[in-house]
Amino acid sequence: QELCQTLFQRGADANSMLLLSLRSGLFPSPQYEYFNAVLINEVDEEGNNVELGGEFVLEPNDHFNNLSVNLSLSVVQVPTNMYNKDPAIVNGVYWSEALNKVFVDNFEKDPSLIWQYFGSAKGFFRQYPGVKWHPDEHGVIAFDCRNRKWYIQAATSPKDMVILVDVSGSMKGLRLTIARQTVSSILDTLGDDDFFNIIAYNQEMHYVEPCLNGTLVRADRNNKAHFREHLDKLFAKGIGLLGDALTEAFTILNDFNQTGHGSVCSQAIMLVTDGATQMYDDVFAKFNWPDRKVRIFPYLIGRESAFADNMKWMACANKGYFSQISTLADVQENVMRYLHVMSRPKVIDHEHDTVWTEAYVDSTSRNKKGPSLMTTVAMPVFSTKNETVSGILLGVVGTDIPLQELMKIIPKHLLGIHGYAFAITNNGYILTHPDLRPLVTHCLLNTLIHYVPCLGL
(Lines give C-alpha, C1' and ligand atoms only; values in the text may rest on other atoms or scores of the structure.)
Protein backbone atom coordinates (compact mmCIF):
# COMPACT_ATOMS: atom_id res chain seq x y z
CA GLN A 1 0.00 0.00 0.00
CA GLU A 2 2.86 2.39 0.84
CA LEU A 3 4.43 1.69 -2.54
CA CYS A 4 1.16 2.61 -4.25
CA GLN A 5 0.73 5.83 -2.28
CA THR A 6 4.31 6.95 -2.98
CA LEU A 7 3.98 6.29 -6.69
CA PHE A 8 0.55 7.89 -6.88
CA GLN A 9 1.70 11.20 -5.43
CA ARG A 10 5.09 11.45 -7.15
CA GLY A 11 3.89 10.01 -10.45
CA ALA A 12 0.70 12.05 -10.69
CA ASP A 13 2.55 15.31 -10.02
CA ALA A 14 5.24 14.48 -12.56
CA ASN A 15 2.69 13.44 -15.18
CA SER A 16 0.79 16.70 -14.68
CA MET A 17 4.00 18.66 -15.34
CA LEU A 18 4.77 16.50 -18.37
CA LEU A 19 1.32 17.12 -19.88
CA LEU A 20 1.64 20.86 -19.31
CA SER A 21 4.99 20.81 -21.10
CA LEU A 22 3.52 18.93 -24.02
CA ARG A 23 0.53 21.27 -24.32
CA SER A 24 2.73 24.36 -24.25
CA GLY A 25 5.20 22.85 -26.72
CA LEU A 26 8.03 23.36 -24.24
CA PHE A 27 9.37 19.86 -23.72
CA PRO A 28 12.72 20.19 -21.94
CA SER A 29 15.65 18.00 -22.92
CA PRO A 30 15.91 15.34 -20.19
CA GLN A 31 19.14 15.73 -18.18
CA TYR A 32 18.29 13.28 -15.41
CA GLU A 33 20.74 10.39 -15.00
CA TYR A 34 19.91 7.00 -13.51
CA PHE A 35 21.55 3.63 -12.98
CA ASN A 36 20.75 1.38 -15.92
CA ALA A 37 20.84 -2.28 -14.84
CA VAL A 38 22.80 -3.34 -17.94
CA LEU A 39 25.28 -0.43 -18.02
CA ILE A 40 26.34 -0.13 -14.37
CA ASN A 41 30.10 -0.52 -13.84
CA GLU A 42 30.69 -0.63 -17.61
CA VAL A 43 33.56 1.42 -19.06
CA ASP A 44 34.40 2.61 -22.55
CA GLU A 45 37.65 2.12 -24.45
CA GLU A 46 39.25 4.99 -22.54
CA GLY A 47 38.33 3.53 -19.17
CA ASN A 48 35.56 6.02 -18.40
CA ASN A 49 32.14 5.01 -17.10
CA VAL A 50 29.58 4.76 -19.88
CA GLU A 51 26.50 6.98 -19.87
CA LEU A 52 23.80 5.79 -17.44
CA GLY A 53 26.37 3.44 -15.94
CA GLY A 54 28.62 4.90 -13.30
CA GLU A 55 30.24 3.24 -10.31
CA PHE A 56 27.66 1.09 -8.60
CA VAL A 57 28.75 -0.72 -5.44
CA LEU A 58 27.82 -4.41 -5.48
CA GLU A 59 28.54 -6.83 -2.64
CA PRO A 60 27.69 -10.55 -2.31
CA ASN A 61 24.74 -11.19 -0.01
CA ASP A 62 23.73 -14.54 1.45
CA HIS A 63 20.07 -13.54 1.63
CA PHE A 64 20.07 -13.17 -2.17
CA ASN A 65 21.83 -16.48 -2.83
CA ASN A 66 25.23 -14.83 -2.72
CA LEU A 67 24.45 -12.57 -5.66
CA SER A 68 26.26 -9.22 -5.73
CA VAL A 69 23.64 -6.60 -4.85
CA ASN A 70 23.32 -3.04 -3.57
CA LEU A 71 21.00 -2.77 -0.56
CA SER A 72 20.85 1.04 -0.74
CA LEU A 73 19.74 1.61 -4.33
CA SER A 74 17.55 0.13 -7.03
CA VAL A 75 18.41 -0.19 -10.72
CA VAL A 76 16.33 0.41 -13.82
CA GLN A 77 16.02 -1.98 -16.76
CA VAL A 78 14.73 -0.72 -20.10
CA PRO A 79 13.71 -3.18 -22.86
CA THR A 80 16.19 -3.44 -25.71
CA ASN A 81 13.67 -2.14 -28.24
CA MET A 82 13.25 1.13 -26.30
CA TYR A 83 15.54 4.17 -26.09
CA ASN A 84 17.17 4.52 -22.67
CA LYS A 85 16.75 8.31 -22.64
CA ASP A 86 13.31 8.59 -24.17
CA PRO A 87 11.58 11.55 -22.44
CA ALA A 88 8.72 9.35 -21.22
CA ILE A 89 11.19 6.84 -19.78
CA VAL A 90 13.37 9.48 -18.11
CA ASN A 91 10.30 11.23 -16.66
CA GLY A 92 8.98 7.97 -15.21
CA VAL A 93 12.34 6.91 -13.83
CA TYR A 94 12.66 10.33 -12.16
CA TRP A 95 9.41 10.26 -10.23
CA SER A 96 9.73 6.55 -9.37
CA GLU A 97 13.10 7.23 -7.72
CA ALA A 98 11.13 7.95 -4.53
CA LEU A 99 10.68 4.18 -4.27
CA ASN A 100 14.32 3.73 -3.22
CA LYS A 101 13.53 4.84 0.33
CA VAL A 102 10.36 2.75 0.45
CA PHE A 103 12.22 -0.35 -0.76
CA VAL A 104 14.93 0.09 1.87
CA ASP A 105 12.41 0.75 4.65
CA ASN A 106 10.40 -2.33 3.69
CA PHE A 107 13.52 -4.50 3.78
CA GLU A 108 14.52 -3.14 7.19
CA LYS A 109 11.04 -3.79 8.60
CA ASP A 110 10.87 -7.30 7.12
CA PRO A 111 14.32 -8.87 6.47
CA SER A 112 12.64 -11.93 4.91
CA LEU A 113 11.74 -9.84 1.84
CA ILE A 114 13.72 -10.49 -1.31
CA TRP A 115 13.13 -8.77 -4.66
CA GLN A 116 10.87 -5.71 -4.72
CA TYR A 117 10.06 -3.95 -7.99
CA PHE A 118 7.90 -1.58 -9.98
CA GLY A 119 6.94 -2.30 -13.59
CA SER A 120 5.99 0.90 -15.39
CA ALA A 121 3.28 1.16 -18.03
CA LYS A 122 5.93 2.96 -20.12
CA GLY A 123 8.07 -0.19 -20.13
CA PHE A 124 10.89 0.40 -17.66
CA PHE A 125 11.43 -1.90 -14.68
CA ARG A 126 12.79 -0.65 -11.32
CA GLN A 127 14.24 -3.43 -9.17
CA TYR A 128 15.52 -3.54 -5.58
CA PRO A 129 18.08 -4.40 -4.45
CA GLY A 130 20.23 -3.15 -7.31
CA VAL A 131 21.85 -5.92 -9.32
CA LYS A 132 23.64 -6.01 -12.66
CA TRP A 133 21.79 -7.51 -15.60
CA HIS A 134 23.69 -9.40 -18.31
CA PRO A 135 22.47 -9.63 -21.95
CA ASP A 136 22.27 -12.94 -23.79
CA GLU A 137 24.71 -14.18 -26.42
CA HIS A 138 23.10 -11.84 -28.95
CA GLY A 139 23.68 -8.81 -26.76
CA VAL A 140 20.00 -8.20 -25.97
CA ILE A 141 17.66 -8.56 -23.00
CA ALA A 142 14.18 -9.50 -24.18
CA PHE A 143 12.61 -8.98 -20.76
CA ASP A 144 9.64 -6.60 -20.77
CA CYS A 145 7.85 -6.34 -17.44
CA ARG A 146 4.53 -5.66 -19.20
CA ASN A 147 4.56 -9.20 -20.62
CA ARG A 148 4.95 -10.89 -17.25
CA LYS A 149 1.97 -12.62 -15.69
CA TRP A 150 2.10 -10.60 -12.48
CA TYR A 151 1.84 -7.37 -14.50
CA ILE A 152 -0.94 -8.59 -16.80
CA GLN A 153 -3.05 -9.98 -13.97
CA ALA A 154 -2.71 -6.85 -11.84
CA ALA A 155 -3.08 -4.23 -14.59
CA THR A 156 -6.23 -5.44 -16.31
CA SER A 157 -9.44 -7.22 -15.51
CA PRO A 158 -10.02 -10.72 -16.93
CA LYS A 159 -11.14 -10.52 -20.54
CA ASP A 160 -12.64 -12.49 -23.41
CA MET A 161 -10.98 -11.66 -26.72
CA VAL A 162 -11.42 -12.51 -30.39
CA ILE A 163 -8.48 -11.66 -32.67
CA LEU A 164 -9.44 -11.05 -36.32
CA VAL A 165 -6.59 -11.29 -38.84
CA ASP A 166 -7.06 -10.07 -42.41
CA VAL A 167 -5.61 -12.62 -44.88
CA SER A 168 -6.95 -11.07 -48.07
CA GLY A 169 -4.70 -10.66 -51.11
CA SER A 170 -3.56 -7.17 -50.11
CA MET A 171 -1.89 -8.60 -46.99
CA LYS A 172 0.80 -10.49 -48.88
CA GLY A 173 4.49 -10.20 -48.07
CA LEU A 174 5.72 -7.96 -45.26
CA ARG A 175 2.20 -6.98 -44.16
CA LEU A 176 1.33 -10.57 -43.32
CA THR A 177 4.62 -10.95 -41.47
CA ILE A 178 3.85 -7.86 -39.39
CA ALA A 179 0.31 -9.13 -38.82
CA ARG A 180 1.61 -12.46 -37.49
CA GLN A 181 3.98 -10.66 -35.14
CA THR A 182 1.18 -8.36 -33.99
CA VAL A 183 -1.04 -11.32 -33.11
CA SER A 184 1.86 -13.00 -31.30
CA SER A 185 2.48 -9.84 -29.26
CA ILE A 186 -1.22 -9.65 -28.36
CA LEU A 187 -1.00 -13.22 -27.08
CA ASP A 188 1.93 -12.16 -24.88
CA THR A 189 -0.38 -9.73 -23.08
CA LEU A 190 -2.91 -12.43 -22.15
CA GLY A 191 -2.82 -14.33 -18.88
CA ASP A 192 -4.45 -17.35 -17.33
CA ASP A 193 -7.56 -15.34 -16.40
CA ASP A 194 -8.21 -14.50 -20.07
CA PHE A 195 -9.95 -16.40 -22.89
CA PHE A 196 -9.35 -15.98 -26.62
CA ASN A 197 -9.61 -17.29 -30.16
CA ILE A 198 -8.05 -16.26 -33.49
CA ILE A 199 -9.96 -16.04 -36.77
CA ALA A 200 -8.29 -15.37 -40.12
CA TYR A 201 -10.71 -13.97 -42.68
CA ASN A 202 -10.92 -13.20 -46.39
CA GLN A 203 -14.13 -14.10 -48.22
CA GLU A 204 -14.46 -16.94 -45.70
CA MET A 205 -13.85 -17.46 -41.97
CA HIS A 206 -10.78 -19.57 -41.13
CA TYR A 207 -10.36 -20.50 -37.48
CA VAL A 208 -6.63 -20.76 -36.83
CA GLU A 209 -7.40 -23.90 -34.82
CA PRO A 210 -10.36 -25.55 -36.63
CA CYS A 211 -11.11 -27.80 -33.63
CA LEU A 212 -12.06 -24.72 -31.61
CA ASN A 213 -14.68 -23.37 -33.98
CA GLY A 214 -17.12 -20.98 -32.31
CA THR A 215 -15.66 -20.95 -28.79
CA LEU A 216 -12.89 -19.42 -26.69
CA VAL A 217 -10.04 -21.11 -24.81
CA ARG A 218 -8.05 -20.15 -21.73
CA ALA A 219 -4.92 -18.15 -22.51
CA ASP A 220 -2.50 -20.44 -20.70
CA ARG A 221 1.03 -21.12 -21.89
CA ASN A 222 0.19 -24.31 -23.79
CA ASN A 223 -2.78 -22.87 -25.67
CA LYS A 224 -0.88 -19.74 -26.71
CA ALA A 225 2.06 -21.81 -27.93
CA HIS A 226 -0.32 -24.02 -29.92
CA PHE A 227 -1.96 -21.07 -31.67
CA ARG A 228 1.43 -19.51 -32.46
CA GLU A 229 2.41 -22.64 -34.37
CA HIS A 230 -0.68 -22.25 -36.56
CA LEU A 231 0.05 -18.58 -37.34
CA ASP A 232 2.87 -19.60 -39.70
CA LYS A 233 0.34 -21.51 -41.82
CA LEU A 234 -1.61 -18.36 -42.74
CA PHE A 235 -1.36 -17.15 -46.35
CA ALA A 236 -3.00 -14.24 -48.12
CA LYS A 237 -5.48 -14.50 -51.01
CA GLY A 238 -8.92 -13.34 -52.08
CA ILE A 239 -10.90 -10.40 -50.73
CA GLY A 240 -11.59 -9.47 -47.14
CA LEU A 241 -15.19 -9.44 -45.89
CA LEU A 242 -14.71 -7.57 -42.63
CA GLY A 243 -18.43 -7.25 -41.95
CA ASP A 244 -18.82 -11.03 -41.81
CA ALA A 245 -15.74 -11.34 -39.60
CA LEU A 246 -17.07 -8.78 -37.12
CA THR A 247 -20.43 -10.53 -37.04
CA GLU A 248 -18.72 -13.84 -36.27
CA ALA A 249 -16.63 -12.27 -33.49
CA PHE A 250 -19.61 -10.60 -31.80
CA THR A 251 -21.60 -13.84 -32.00
CA ILE A 252 -18.81 -15.85 -30.35
CA LEU A 253 -18.38 -13.34 -27.54
CA ASN A 254 -22.11 -13.16 -26.86
CA ASP A 255 -22.64 -16.92 -26.91
CA PHE A 256 -19.57 -17.63 -24.79
CA ASN A 257 -20.48 -14.99 -22.24
CA GLN A 258 -23.89 -16.57 -21.75
CA THR A 259 -22.31 -19.93 -20.87
CA GLY A 260 -20.64 -18.36 -17.83
CA HIS A 261 -17.41 -20.26 -18.53
CA GLY A 262 -15.27 -17.32 -19.62
CA SER A 263 -13.93 -14.33 -17.75
CA VAL A 264 -17.48 -12.91 -17.41
CA CYS A 265 -15.87 -9.49 -17.40
CA SER A 266 -14.32 -7.35 -20.18
CA GLN A 267 -14.69 -8.24 -23.88
CA ALA A 268 -12.62 -7.09 -26.84
CA ILE A 269 -12.15 -7.59 -30.57
CA MET A 270 -8.63 -7.06 -31.90
CA LEU A 271 -8.73 -6.22 -35.60
CA VAL A 272 -5.45 -6.70 -37.53
CA THR A 273 -5.86 -5.47 -41.12
CA ASP A 274 -4.45 -3.15 -43.75
CA GLY A 275 -7.70 -1.21 -44.12
CA ALA A 276 -11.46 -0.97 -43.87
CA THR A 277 -13.45 0.39 -46.82
CA GLN A 278 -16.40 1.38 -44.61
CA MET A 279 -17.28 1.91 -40.95
CA TYR A 280 -19.64 -1.07 -40.51
CA ASP A 281 -21.92 0.93 -38.26
CA ASP A 282 -24.79 -1.41 -39.12
CA VAL A 283 -22.91 -4.32 -37.52
CA PHE A 284 -22.09 -2.30 -34.41
CA ALA A 285 -25.68 -1.06 -34.14
CA LYS A 286 -26.94 -4.64 -34.22
CA PHE A 287 -24.44 -6.26 -31.85
CA ASN A 288 -22.75 -3.63 -29.68
CA TRP A 289 -24.74 -0.44 -29.34
CA PRO A 290 -25.85 1.28 -27.19
CA ASP A 291 -24.18 -0.62 -24.32
CA ARG A 292 -20.78 -0.97 -26.07
CA LYS A 293 -19.84 -3.96 -23.97
CA VAL A 294 -17.24 -5.04 -26.53
CA ARG A 295 -14.24 -2.78 -27.11
CA ILE A 296 -12.74 -2.61 -30.62
CA PHE A 297 -8.96 -2.28 -31.07
CA PRO A 298 -8.02 -1.83 -34.75
CA TYR A 299 -4.38 -2.26 -35.82
CA LEU A 300 -3.72 -0.75 -39.25
CA ILE A 301 -0.86 -2.64 -40.92
CA GLY A 302 1.31 -0.71 -43.39
CA ARG A 303 2.31 2.86 -44.08
CA GLU A 304 -0.77 3.83 -46.07
CA SER A 305 -3.38 5.82 -44.18
CA ALA A 306 -6.20 5.90 -46.71
CA PHE A 307 -8.47 3.87 -44.43
CA ALA A 308 -7.18 5.24 -41.13
CA ASP A 309 -10.22 7.47 -40.56
CA ASN A 310 -12.65 4.55 -40.80
CA MET A 311 -10.62 2.48 -38.34
CA LYS A 312 -10.21 5.39 -35.93
CA TRP A 313 -13.97 5.85 -35.98
CA MET A 314 -14.49 2.15 -35.18
CA ALA A 315 -12.23 2.44 -32.15
CA CYS A 316 -13.80 5.65 -30.83
CA ALA A 317 -17.36 4.45 -31.41
CA ASN A 318 -16.69 1.27 -29.46
CA LYS A 319 -14.55 2.49 -26.55
CA GLY A 320 -11.33 1.13 -28.05
CA TYR A 321 -8.00 2.43 -29.32
CA PHE A 322 -6.52 2.79 -32.82
CA SER A 323 -2.89 2.00 -33.67
CA GLN A 324 -0.94 1.97 -36.93
CA ILE A 325 1.95 -0.45 -37.32
CA SER A 326 4.32 0.21 -40.21
CA THR A 327 7.34 -1.95 -39.34
CA LEU A 328 8.19 -4.94 -37.19
CA ALA A 329 9.97 -2.61 -34.78
CA ASP A 330 6.66 -0.81 -34.12
CA VAL A 331 4.74 -3.91 -33.12
CA GLN A 332 5.33 -4.40 -29.41
CA GLU A 333 4.95 -0.82 -28.25
CA ASN A 334 1.79 -0.28 -30.31
CA VAL A 335 0.20 -3.49 -29.06
CA MET A 336 0.87 -2.55 -25.43
CA ARG A 337 -1.23 0.60 -25.70
CA TYR A 338 -4.50 -1.27 -25.49
CA LEU A 339 -3.68 -2.26 -21.89
CA HIS A 340 -4.17 1.37 -20.83
CA VAL A 341 -7.71 1.26 -22.16
CA MET A 342 -8.51 -2.13 -20.62
CA SER A 343 -7.31 -0.87 -17.24
CA ARG A 344 -9.82 2.03 -17.20
CA PRO A 345 -12.58 0.15 -15.33
CA LYS A 346 -10.14 -0.55 -12.51
CA VAL A 347 -9.03 3.08 -12.44
CA ILE A 348 -12.59 4.38 -12.31
CA ASP A 349 -13.60 1.94 -9.56
CA HIS A 350 -10.29 2.39 -7.66
CA GLU A 351 -9.74 -1.37 -7.64
CA HIS A 352 -6.28 -1.89 -6.17
CA ASP A 353 -6.69 -5.66 -6.19
CA THR A 354 -3.82 -7.79 -4.96
CA VAL A 355 -2.97 -10.71 -7.24
CA TRP A 356 -0.86 -13.82 -6.66
CA THR A 357 0.80 -15.79 -9.44
CA GLU A 358 1.24 -19.53 -9.61
CA ALA A 359 4.48 -21.05 -8.36
CA TYR A 360 7.56 -20.71 -10.54
CA VAL A 361 11.30 -21.19 -10.33
CA ASP A 362 13.39 -18.05 -10.44
CA SER A 363 16.89 -18.42 -11.85
CA THR A 364 18.35 -16.32 -9.02
CA SER A 365 16.69 -18.40 -6.30
CA ARG A 366 18.42 -21.72 -6.88
CA ASN A 367 20.56 -23.02 -4.04
CA LYS A 368 22.54 -26.13 -3.14
CA LYS A 369 19.34 -28.02 -2.34
CA GLY A 370 17.97 -27.41 -5.82
CA PRO A 371 15.45 -25.01 -7.38
CA SER A 372 13.44 -22.86 -4.99
CA LEU A 373 9.79 -22.20 -5.76
CA MET A 374 8.44 -18.67 -5.54
CA THR A 375 5.26 -16.70 -6.10
CA THR A 376 4.74 -13.03 -6.92
CA VAL A 377 2.25 -10.75 -5.20
CA ALA A 378 1.43 -7.59 -7.17
CA MET A 379 -0.88 -4.57 -7.13
CA PRO A 380 -1.75 -1.95 -9.80
CA VAL A 381 -0.91 1.74 -9.34
CA PHE A 382 -3.18 4.39 -10.87
CA SER A 383 -3.15 8.16 -11.20
CA THR A 384 -6.55 9.82 -10.96
CA LYS A 385 -5.41 13.43 -11.20
CA ASN A 386 -7.41 15.86 -13.33
CA GLU A 387 -5.19 15.54 -16.40
CA THR A 388 -7.43 12.71 -17.64
CA VAL A 389 -11.13 12.03 -17.37
CA SER A 390 -10.85 8.43 -16.20
CA GLY A 391 -7.29 8.27 -14.82
CA ILE A 392 -4.25 6.43 -16.09
CA LEU A 393 -2.32 3.30 -15.23
CA LEU A 394 1.13 4.15 -13.86
CA GLY A 395 2.26 0.54 -13.56
CA VAL A 396 2.36 -2.39 -11.16
CA VAL A 397 4.30 -2.90 -7.93
CA GLY A 398 5.27 -6.36 -6.77
CA THR A 399 7.51 -8.53 -4.65
CA ASP A 400 8.65 -12.14 -4.83
CA ILE A 401 7.84 -14.48 -1.95
CA PRO A 402 9.53 -17.88 -1.51
CA LEU A 403 6.93 -20.56 -0.90
CA GLN A 404 8.93 -21.77 2.07
CA GLU A 405 8.08 -18.46 3.76
CA LEU A 406 4.38 -19.15 3.24
CA MET A 407 4.78 -22.62 4.68
CA LYS A 408 6.24 -21.15 7.87
CA ILE A 409 3.01 -19.36 8.76
CA ILE A 410 0.82 -22.47 8.39
CA PRO A 411 -0.41 -23.63 11.85
CA LYS A 412 0.81 -27.21 11.46
CA HIS A 413 -0.20 -28.09 15.03
CA LEU A 414 -3.84 -27.73 13.97
CA LEU A 415 -3.60 -30.17 11.06
CA GLY A 416 -3.30 -33.41 12.96
CA ILE A 417 -0.78 -36.23 12.60
CA HIS A 418 -1.62 -37.17 9.02
CA GLY A 419 -2.78 -33.77 7.83
CA TYR A 420 -0.95 -31.42 5.52
CA ALA A 421 -1.63 -28.03 3.96
CA PHE A 422 -1.59 -27.15 0.27
CA ALA A 423 -2.70 -24.21 -1.85
CA ILE A 424 -3.94 -23.74 -5.40
CA THR A 425 -4.58 -20.60 -7.42
CA ASN A 426 -7.98 -19.55 -8.74
CA ASN A 427 -7.04 -21.15 -12.06
CA GLY A 428 -6.22 -24.54 -10.55
CA TYR A 429 -2.44 -24.25 -10.54
CA ILE A 430 -0.68 -25.76 -7.53
CA LEU A 431 0.90 -23.01 -5.47
CA THR A 432 2.37 -25.16 -2.73
CA HIS A 433 2.12 -28.82 -1.75
CA PRO A 434 4.38 -31.05 0.38
CA ASP A 435 5.03 -33.30 -2.62
CA LEU A 436 5.42 -30.58 -5.25
CA ARG A 437 8.70 -31.27 -7.02
CA PRO A 438 9.64 -28.97 -9.91
CA LEU A 439 11.19 -30.75 -12.88
CA VAL A 440 13.46 -28.13 -14.40
CA THR A 441 13.70 -28.45 -18.18
CA HIS A 442 16.86 -26.32 -18.38
CA CYS A 443 15.05 -23.89 -20.69
CA LEU A 444 16.01 -20.53 -19.24
CA LEU A 445 13.74 -17.72 -20.40
CA ASN A 446 14.90 -14.34 -19.13
CA THR A 447 14.69 -14.78 -15.35
CA LEU A 448 12.22 -17.66 -15.28
CA ILE A 449 12.78 -21.38 -15.66
CA HIS A 450 9.89 -23.42 -17.03
CA TYR A 451 9.01 -26.45 -14.96
CA VAL A 452 6.53 -29.27 -14.79
CA PRO A 453 5.10 -29.81 -11.29
CA CYS A 454 5.17 -33.43 -10.16
CA LEU A 455 2.99 -34.69 -7.34
CA GLY A 456 4.22 -37.93 -5.79
CA LEU A 457 1.03 -39.05 -4.10
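Start with the side chains of N318 and N288, which are joined by a polar contact of 2.8 Å (a pair of N or O atoms within 3.5 Å, where one must be able to donate a hydrogen and the other to accept it, and where residues adjacent in sequence count only if both atoms are side-chain atoms). N318 sits in the loop between α9 (308-317) and β12 (323-325), and with a relative accessible area of 0% it is buried (under 20%; exposed is over 50%, and partly exposed is in between, using a 1.4 Å probe and protein chains only). Leaving aside residues up to four places away in sequence, N318 touches F284, N288, W289, V294, R295 and I296, contact being heavy atoms within 4.5 Å.

A word on what you're looking at: this is a predicted model, where local features need pLDDT of at least 70, side-chain atom pairs count only at pLDDT 80 or more, and totals for chains, interfaces and linings use all residues. Residues are numbered from 1 along each chain as its sequence is written, and side-chain values use heavy atoms, with hydrogens and water left out.

Zooming out, the chain has 13 helices and 20 strands, taken as DSSP runs (H or I, at least four residues, for helices; E, at least two, for strands) and numbered from the N terminus. Of its 457 residues, 50% count as buried.

Now pick out helix α5 (residues 174-188). Its buried residues include L176, I178, A179, T182 and V183.

As for cysteines, C211 is exposed at 71% relative accessible area, and C316 is exposed too, at 68%. Searching the whole structure turns up 0 disulfides (cysteine sulfur atoms paired within 2.5 Å).

Definitions and conventions:
The expected span of a helix is 1.5 Å times one less than its number of residues.
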